[in-house]
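Have the model open as you read.

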Amino acid sequence: MLWAARPVGDWLADATTPAALRARLQLAQRLRDYAVRELALPDNPSYRRYADLQRNAVVWNVVAAPPLSLRLQTWCFPVLGCVGYRGFFDRDDALALAQQLRAQGLDVTVYGVPAYSTLGRLPGAYFADPLLNTFIDWPEGDLARLLFHELAHQVAYANDDTGFNESFATAVERLGSARWLASGEAGAGAAEVQARFDAQRALFRELVARHRAELQALYRSPAADADKLLGKQAVLQRLRQAHEALKAQHPELGNRYDGWVTEANNASFGVQLAYQGRVAAFERLFEREGHDFARFYAEVKRLAALPKLQRSEALEALVPADRQARVADLPK
């Protein structure tokens, strides 16, 4: 992958670079400049190189959860600490681990990941996170979101706290992409396209959140485990039925989420919770810091340095109780 990556300038200077790719690379560089200038994100070699991996994912993540909990299993690594997933460059290796985990009775899901972050901790341009074919053709708003999300991981990172890290990066992507699309730098019609996509996502996320809450309430109940397992299957069946009804009411959704719904289990719900569970708190923190990204990041770094329980309590204090994700349900 690193060998395949070349500086964006080289691609732009190459007469054989397709016009469509050339335009996307130029857009990515405008987004990268904007991230530094307007969002106070790191100014470094990240996303200044491009590679075509000749496949649709850079890595495949394996996530697992117990049969009666959304709490993700964690794997621990040097530098990164413990995270609620394990990634593989080879899909077959990911599937092999998934099979082992299922044999242990865990709920497991495997999904392709279009991008990754080295947290900006590797030296030099050669090791910097590159632009990839796995996402370069995304709609402008989504491309902005991805770049801002991955760069946010370089700003603040709390070891052993996937929910904190991913929710923070998701908040930055949402706040940053909204600014980009409202600026005069965004492409014509990009905001309207993103608004349609976001409306569709909101419909699906509400559906998922509603059924996730049912599962969480079921797992916290005093019912016997056997009854909880039966109740779990009933919730998943209601999810599938509700999804079909939602598609009938909103044909624009198409079959985009069919795979997720068909394979939904505690692991996939847990991943979704990791990326969304604390977003409201981070958005409130951004408001409290006067919509100033530098001040916002300083406060997030302060929180990242706290013990995990204190960090969670500080975030919980920022949002109403009905918008909070319970600490017990969030991944480590």
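Which side chain does lysine 232 meet in a salt bridge? Its partner is aspartate 107, at 2.7 Å from N to O; a salt bridge here is a side-chain nitrogen of Lys or Arg within 4 Å of a carboxyl oxygen of Asp or Glu. The two sit 125 residues apart, with lysine 232 in helix 7 (residues 225-249) and aspartate 107 in strand 7 (residues 107-113). Helices (H or I, at least four residues) and strands (E, at least two) are DSSP runs, numbered from the N terminus.

Before going on, a word on the ground rules: this is a predicted model, where local features need pLDDT of at least 70 and side-chain atom pairs count only at pLDDT 80 or more, while totals for chains, interfaces and linings use all residues. Residues are numbered from 1 along each chain as its sequence is written, and side-chain values use heavy atoms, with hydrogens and water left out.

Back to that pair. Lysine 232 has a relative accessibility of 5%, so it counts as buried, and aspartate 107 is buried too, at 11%. Buried means under 20% relative accessible area, exposed over 50%, and partly exposed in between (1.4 Å probe, protein chains only).

The whole structure has 21 salt bridges. Here are three of them:

| Pair | N to O distance |
|---|---|
| Lysine 232 and aspartate 107 | 2.7 Å |
| Arginine 145 and glutamate 173 | 3.8 Å |
| Arginine 288 and glutamate 289 | 3.4 Å |

Arginine 145 and glutamate 173 are 28 residues apart and link helix 4 to helix 5. Arginine 145 is buried at 11%, and glutamate 173 is buried at 12%. This pair also belongs to a salt-bridge network made up of Asp142, Arg145, Glu173, Asp198 and Arg201. In the remaining pair of the table, arginine 288 is partly exposed at 41%, whereas glutamate 289 is buried at 12%.

Now for the packing. How do helix 5 and helix 11 run relative to each other? Helix 5 (residues 162-182) and helix 11 (residues 293-304) meet at about 175°, their axes 12 Å apart, so they are roughly antiparallel. Axes are lines fitted to C-alpha atoms, for helices over the stretch in contact, with angles from 0 to 180 degrees between N-to-C directions; under 35 degrees counts as roughly parallel, over 145 as roughly antiparallel, 65 to 115 as roughly perpendicular and the rest as oblique.

On the helix 5 side, the contact (heavy atoms within 4.5 Å) includes Phe164, Phe168 and Val172. Helix 11 brings Phe293, Phe296 and Tyr297, among others. By class, that is 10 nonpolar, 1 polar and 1 charged residues.

Neighbours within four places in sequence aside, phenylalanine 296 touches Phe168, Val172, Phe282, Leu285, Phe286 and Glu289. Glu289 is the glutamate that pairs with arginine 288.

How values were computed. Nonpolar A, V, L, I, M, F, W, Y, C, P; charged D, E, K, R; others polar.
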